[in-house]
Structures are given as structure tokens and as C-alpha cells.
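Me: I have a protein model open and I want to learn how to read it. Can we go through it step by step?

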Amino acid sequence: MLAAEETDALDAMTTAPDHHEVILENDHVRVLDTRLGPGERTPVHSHRWPSSLYVISWSDFLRRDADGNVIVDSRSWDSRPAPGEALWSAPLVPHSVENIGDGDLRIIAVELKQ
């Protein structure tokens, strides 16, 4: 697990603000509107807190670790989340995301601060 200082330095709002917008933040939660258009790739960033994810629109993606190794390829999943579905995510170590599909990938993330 990374130290808080390391995850803060790579926080999504610090290193990838073009793809994350804060909708609400307080001592308990941070709500992010995450958008990634077809062919776009985020810089390496992290998400310090676990989160509930609400799918607005879906597109296949690759998640790479900080060294560029593919750690998630959504094309290998048995099914894809539909708009309106909710997912759970543990905190995410430094990674980048590339939209390899034809549509927008848009997720509302409710990060639960601990």
C-alpha cells in the first residue's frame, strides 16, 4: 500500500483533472464525474478511497499500471455494465486508463473517505 503522501501526489484531481470533475467534496465523500472519450488516455493517477461507481455510459478500456503494463482489459469480461448500473471499486493504485471503444466512458464515482 502506498503512503498517503504518494497517493496524494498522484491524486486524480492533481494529475488527471481533464478527465475528472469534482461534483461534491466534504469530510466524508468526494463525488467525481469521470469522462474519457474514444481514443483518450489519462495520465497516471490514483484513487485513494474505495468508491461506488455509477455508469452513465460505457466503452471498453484498458487500465495500465504505472509502468504501462495492462492490468485490466474490459474486453475480456463476460459482460459489460449497462448505463444505470452500479459497481464497487477498491482504492486504485497508480494507473492510467485508455478508452479503446467507440463511445464515451462516463462514470460517477462516490469515493468514501475513511
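Me: Where do contacts come from along the chain?
Reply: Contact means heavy atoms within 4.5 Å. In this protein, take the contacts with a separation of 6 or more: residues 24 or more positions apart account for 75% of them.

Me: What kind of model is this, and how are residues numbered?
Reply: This is a predicted model, where local features need pLDDT of at least 70, side-chain atom pairs count only at pLDDT 80 or more, and totals for chains, interfaces and linings use all residues. Residues are numbered from 1 along each chain as its sequence is written, and side-chain values use heavy atoms, with hydrogens and water left out.

Me: How many helices and strands does the protein have?
Reply: Helices (H or I, at least four residues) and strands (E, at least two) are DSSP runs, numbered from the N terminus. The protein has 2 helices and 9 strands. Along the sequence the pattern reads α-α-β-β-β-β-β-β-β-β-β.

Me: What does the surface consist of?
Reply: Accessible areas come from the Shrake-Rupley method with a 1.4 Å probe; for residues, only the protein chains shown count as cover. The accessible surface here comes to about 6,400 Å². Carbon and sulfur atoms hold 51% of that surface.

Me: How much of the protein is buried?
Reply: Buried means under 20% relative accessible area, exposed over 50%, and partly exposed in between (1.4 Å probe, protein chains only). Buried residues make up 40% of the 114 residues.

Me: Which residues make up the largest nonpolar core?
Reply: Start with the general idea. In soluble globular proteins, nonpolar side chains tend to be buried together. A nonpolar core is a set of buried Ala, Val, Leu, Ile, Met, Phe, Trp, Tyr and Cys residues joined through side-chain atoms within 4.5 Å. The largest one here has 11 residues: Leu 32, Leu 36, Leu 53, Val 55, Trp 58, Phe 61, Val 72, Val 97, Leu 105, Ile 107 and Ala 109. Strands S2 (29–36), S4 (51–57) and S9 (105–112) each give two or more residues to this core. S9 gives the most, with 3 residues.

Me: What does Trp 58 touch?
Reply: Skip residues up to four places away in sequence. Trp 58 then touches Ser 74, Trp 77, Arg 80, Pro 81, Asp 104, Leu 105 and Ile 107.

Me: Where does Val 97 lie?
Reply: Val 97 lies in strand S8 (residues 92–99). Val 97 is buried, with a relative accessible area of 12%. Beyond its neighbours within four places in sequence, its contacts include Leu 36, Thr 42, Phe 61 and Leu 105.

Me: Is Thr 42 buried or exposed?
Reply: Thr 42 is buried, with a relative accessible area of 7%. Its place is in the loop between S2 and strand S3 (45–47). Leaving aside neighbours within four places, Thr 42 is in contact with Ala 16, His 19, Leu 36, Ser 96 and Val 97. The C-alpha atoms of Thr 42 and Ala 12, 30 residues apart along the chain, are separated by 9.3 Å.

Me: Where is Ser 89?
Reply: Ser 89 is in strand S7 (residues 86–89). Ser 89 is buried too, at 10% relative accessible area.
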